[in-house]
Amino acid sequence: MYDFTYHKAASLDDAAKLLASAVDAKPIAGGQSLLPMMKFRLASPSDLVDLGTIAGLDRIEAEGGTLTLGAMCRHGAVCTSEVVQKTLPALAHLAGLIGDPAVRHRGTLGGSLANNDPTADYPAAAVSLGATIVTSKREIAAEDFFTGLFETALEPDEIVVAARFPVPEKAAYEKFRNPASRYAMVGVFVAKFPDVVRVAVTGAGASGVFRVPSFEEALSKDFSADALKGLSISTDGLAGDIHASAEYRAHLVGVMARRAVAAANG
Amino acid sequence: MPAVSMTVNGTPVTADIDPRTLLVQFLREHLRLTGTHVGCDTSQCGACVVHVNGEAVKSCAMLAVQADGAEVLTIEGVAQGDTLHPMQEAFRDNHGLQCGFCTPGMIMTALDMVRRLGPVLDDHTIREELEGNLCRCTGYHNIVKSIAAGARAMAADDTPRRAAAE
Amino acid sequence: MSATGIGASVRRKEDFRFVTGRGQYTADIARPGQAHLYFVRSTHAHAKILRIHAGHASRMPGVIAVLTGEDFAAGKLGSLVCGWLIHSKDGTPMKMAPHPALPVDRVRHVGEPVVAVIAERADQARDAAEAISIDYEELPSVVDPAKAQAPDAPQIHEVAPNNTIYQWQLGDPAATEAAFARAASVTAIDLVNNRLIPNAMETRAAVAEYEPGTEQFTLWNTSQNPHVARLVLSAFVGIAPEHRLRVIAPDVGGGFGSKIFIYPEELVALWAAKTVRRPVKWTSERSEAFVADAHGRDHVTRAELAFDAEGKILGLKVKTIANLGAFMSTFSSSVPTYLYATLLSGQYDIPAIFCEVDAVYTNTVPVDAYRGAGRPEATFVVERLMEVSARRLGVDPAELRRKNFVKNFPHQTPVIMNYDAGDYAASLDKALALADYAGFPQRKREAAGRGKLRGIGLSAYIEACGIAPSQAVGSLGAGVGLWESAEVRVNPTGTVEVLTGSHSHGQGHETTFAQLVSHRLGIPIDNIAVVHGDTDKVQFGMGTYGSRSGAVGMSAISKALDKVETKAKKVAAHLMEASEADIVFEDGKFTVAGTDKAVTFGEVALNAYIAHKFSGAELEPGLKEGAFYDPVNFTFPAGCHVCEVEIDPETGRTDVVNFTAVDDFGNVINPMIVEGQVHGGIVQGIGQALMEACVYDESGQLVTGSYNDYRMPRAGDFPPLVVDTTVTPCPSNPLGIKGCGEAGAIAAPAAVMNAVTDALGTEDIAMPATPLAVWTVLQRQAHREAAE
């Protein structure tokens, strides 16, 4: 990797100041995506601002129908948290499917959201659950937060502080891993709320997470796997590569959605 | 150059390092603890797994400066002198290694597995937990056997051990 | 059987250092004052080098030297070579193009090293390498072996028109045509044996040192055969005379063939060490390994099998195009010829065989031996043909095999090999029983009830291990002899060092070889050290590949032990004042037959060295013997593997649910180690069948250049494997052993694909049967059914 200047942030304000003061500074949380990119010299920040030294960013709280996870919550902590397992087991399940145990000890919710890798898992949960991303400056609805391939609404000196997940009646996440990379080739998060069903897909879209209105409509009327029978999604905008053509990804979206609904119905 | 201090295998170490130094480079090149290996550049093979503050991490995906103040345990710190840890013994007893290159990462991952999941590990669980550790020699069969046996042996073992390896 | 002798599952002596992190791999070595080497590699599949801009880079911090192909050419060093001369059917020799370590004017594959940068630190070398720009004129490229010989294909080397290296054949074309003419049925199939990337977990590395005072080079290298490396580097490349080059292969983290070969990088490291007068270290990154280590397989084949009306095989015709990549790697030419076509008779009595092989250059990484080398390709052809034939003839695949098995030994095949021993029905029967073959229909129905497609497939493979004898392989074109050497040094205290030309990179020689010595000399295994991998310690050796270390390497030790025993008996005779002819050696004790006189091995060892009891005129002091063992034949391990898969038709995902292997390796030294070898081979074989694909795009870029795209087998992909053996001792070596390192990789791909095609009900799927590939087949079937 290229050389850079390393800073330990003492507080969120400190981190924001450090980020604003350098030409191309980047925050680093767990570093499980950023460091591999830097090793391949595909990312070359002038400065790294370490958020790992800021206290209090790894809280897990459930209150009033909302589960709030601090940005520095490690995937391993989310997947084993009794609070998460009790209030939003689908999210605990999702966290347990990210990477491998060692990666889950380092990787964070905030890092995953801010990176917006089109094959990452958390964006599907955030969009499906209608999460609110709390930053150092404001609150952003998940659907407005993810703006494209590795793109988010975050400003350069803006830091993800937490995510608030409304607790649904039912939810589930089904993931079909890319056989080689193990990222989601297709991941479908389904959440049923009293007034709405949201289906969010990661891995399949060429520009990141997206919703499937036709599935949502069918599931709003009948929240059963059978309700999705005969429905399919268009291949427009889907990724295609040696592991999965756009057609295959479209097909898997249907399969994973049906399985997620079946799992949500337990 | 920033200074880092950490405890490695119970010994405090301090060094001035280039910030781009990965933890694995710090261990291998600065401390000459070459038991931690590098088998890939995409953080997938797991040959570099060490424990930081008691948890398994891939030392190729962590900066040494991020381990400032941490307790680090590498494969070199697992045995007590010439007495092998029960997990190391289990790998030897069950032929859980051939070329030995992935072995340190496998053992460090196995110890973390037992810490989190307890001493009774079934075949399926062990295989899923090895998601981030690649081996090209053994076909994994005897690694899985070794970890199951090592986990059981750890439950029966009452030797006091260094943090993170218990 | 003693606790540490032949046949015992002794824990490995080498494991203590590995489980404690004290192994010494090449990358662990740090020489005082060492500099670091990094390569600028070609980003083009095929291009002219117009200009290299390295001025800025050479002035960057820490940079010691920037070396190009022109510098290398000025050094008057020779080319890397392929050491097995194959002749085309018209009698012309293979078209071997020059292979300089760094090219002067043209690059021929993505990843070819072009410029070497030496700097104080590894990151500085890489920083400088990145600052070097190269002006290229891109040329058209070809990566597909089936297209390489087309008239309009780009020419890769001047010496090889139509990119054809050789057009070789084996067998009797007339007899084979005659057999087909009277056939009742013919099964024809088209196969692609997918290209693989070896991926030993330790990447290649080299540390080179030059001592100007003595003009002595030392190379620490990730090599499976350090002596062969030294021979090639001195005799062909001329980097140093053989006696001034020491090659050390310390602990090596897996090889699978990829570390047999002599590559440009270690050669450049040696040359650079002399040029900059500093130790020079190169450690391959994994992404470099993908484009720098020789790949494996890559065959395109048309095969036909002729049967009479009773289901007996009459003849086999095979036409293969083998991709050897952009340069001929060290043993590349032998893989698709003498290691392939000679095994096309499989376990079967086939009266007539004819095989044609065209080897071609393409703009891809060189292809050479990879675990099994030629034999997996042969087994895949034969065992896919047998399975497909059984299905078309409507007979049980197991029974069709049984009907055609070779039953009498020795058996001369029409393709050179003379099978010395075997019992193919025994391994088939045992495998079918262990796999509960009879219960499969029930399991298939049960799976169907869960919406899953279940299939079963067999692979009754044969391999030839321990390539030999030297005289025979020489007549077939081999540039080296394929014997092995050993030296047994007994110390005055009765401990023993065994020096072997074999090299262990996971096989456990330090244990198994010691078991042999312990068994023979009756001394504890801890009193035996096995020394290997250092050309200064071991006089010569051919290294480890082709499952040869047991059958050939241990036979050499056995031969040396014979000599030690003979000499020791002489010493014992003097000690006990008896006639040498009356000395009996058993359980570590020398006795005089018919008396209670006895001396221990330790006493004999001591007396051999103090030499107080005999005169120099009668007997030389000391107890040290060497031997070179040249086998009289290959060994022929064989067996039967049974794979059972379950396919999820919704996702196309295939799970191996049962895998059973029954192998006949002859006598087994250490069953635990042998089982481990089989496990590893099976998983590589399943990897080839279901997961691993090396994919190039049309422009010659490697698409699968990291673990994000090259699908490595993981623990979660497999069920526990069922492994067992049958035994017919090998009559061709003193220990009766055959070789076990490659069996799994040879047998498994066909077993898996036979199971997958059984589950899918179509033969129309190639390796690897990835979820995408399986889903695509199922889609095609659904469309066809809908159309009907």
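A salt bridge is a side-chain nitrogen of Lys or Arg within 4 Å of a carboxyl oxygen of Asp or Glu. Arg714(C) and Glu131(B) meet in one through their side chains, at 3.7 Å from N to O.

This is a predicted model, in which local features need pLDDT of at least 70, side-chain atom pairs count only at pLDDT 80 or more, and totals for chains, interfaces and linings use all residues. Residues are numbered from 1 along each chain as its sequence is written, chains are lettered from A and ligands numbered from 1 in the order in which they are written, and side-chain values use heavy atoms, with hydrogens and water left out.

The size of an interface is often given as the accessible area lost when the parts come together. Here, buried area is the accessible area (1.4 Å probe) that two parts lose on being put together, summed over both.

| Interface | Buried area | Share from carbon and sulfur atoms |
|---|---|---|
| Chain C and chain B | about 4,300 Å² | 53% |
| Domain 1 and domain 3 of chain C | about 1,400 Å² | 54% |
| Chain B and chain A | about 2,200 Å² | 55% |

## Chain C against chain B

Contact means heavy atoms within 4.5 Å. Chain C brings 58 residues to this contact, and chain B brings 46 residues. On the side of chain C, Arg11(C), Val19(C) and Met201(C) lose the most area to chain B, together 17% of what that side buries.

Eight salt bridges link chain C and chain B. There are also 29 residue pairs in polar contact, both residues at pLDDT 80 or more. A polar contact is a pair of N or O atoms within 3.5 Å; within protein, one must be able to donate a hydrogen and the other to accept it, and residues adjacent in sequence count only if both atoms are side-chain atoms.

Which helix of chain C gives the most to the side that touches chain B? Helix 18 of chain C does, with eight residues. Helices (H or I, at least four residues) and strands (E, at least two) are DSSP runs, numbered from the N terminus. By class, this side of chain C has 26 nonpolar, 18 polar and 14 charged residues. Ala, Val, Leu, Ile, Met, Phe, Trp, Tyr, Cys and Pro count as nonpolar, Asp, Glu, Lys and Arg as charged, and the others, Gly among them, as polar.

## Inside chain C

Chain C is divided into domain 1 (31–139 + 201–254 + 259–292), domain 2 (299–467 + 633–787) and domain 3 (483–629). These bounds come from an automatic or database domain assignment. The centres of domain 1 and domain 3 of chain C, taken over C-alpha atoms, are 40 Å apart. Their contact takes 18 residues from domain 1 and 16 residues from domain 3.

Gln224(C), His227(C) and Arg246(C) supply 44% of the area that domain 1 buries against domain 3. Arg246(C) also forms a salt bridge with Asp536(C), at 3.5 Å from N to O.

## Chain B against chain A

Here 26 residues of chain B are in contact with 29 residues of chain A. Arg20(B), Gln66(B) and Glu131(B) supply 28% of the area that chain B buries against chain A. Three salt bridges cross this interface. One of them involves Asp100(A) and Lys58(B), with the closest N and O atoms 2.6 Å apart. Strand 4 of chain B gives the largest share of the side that touches chain A, four residues.
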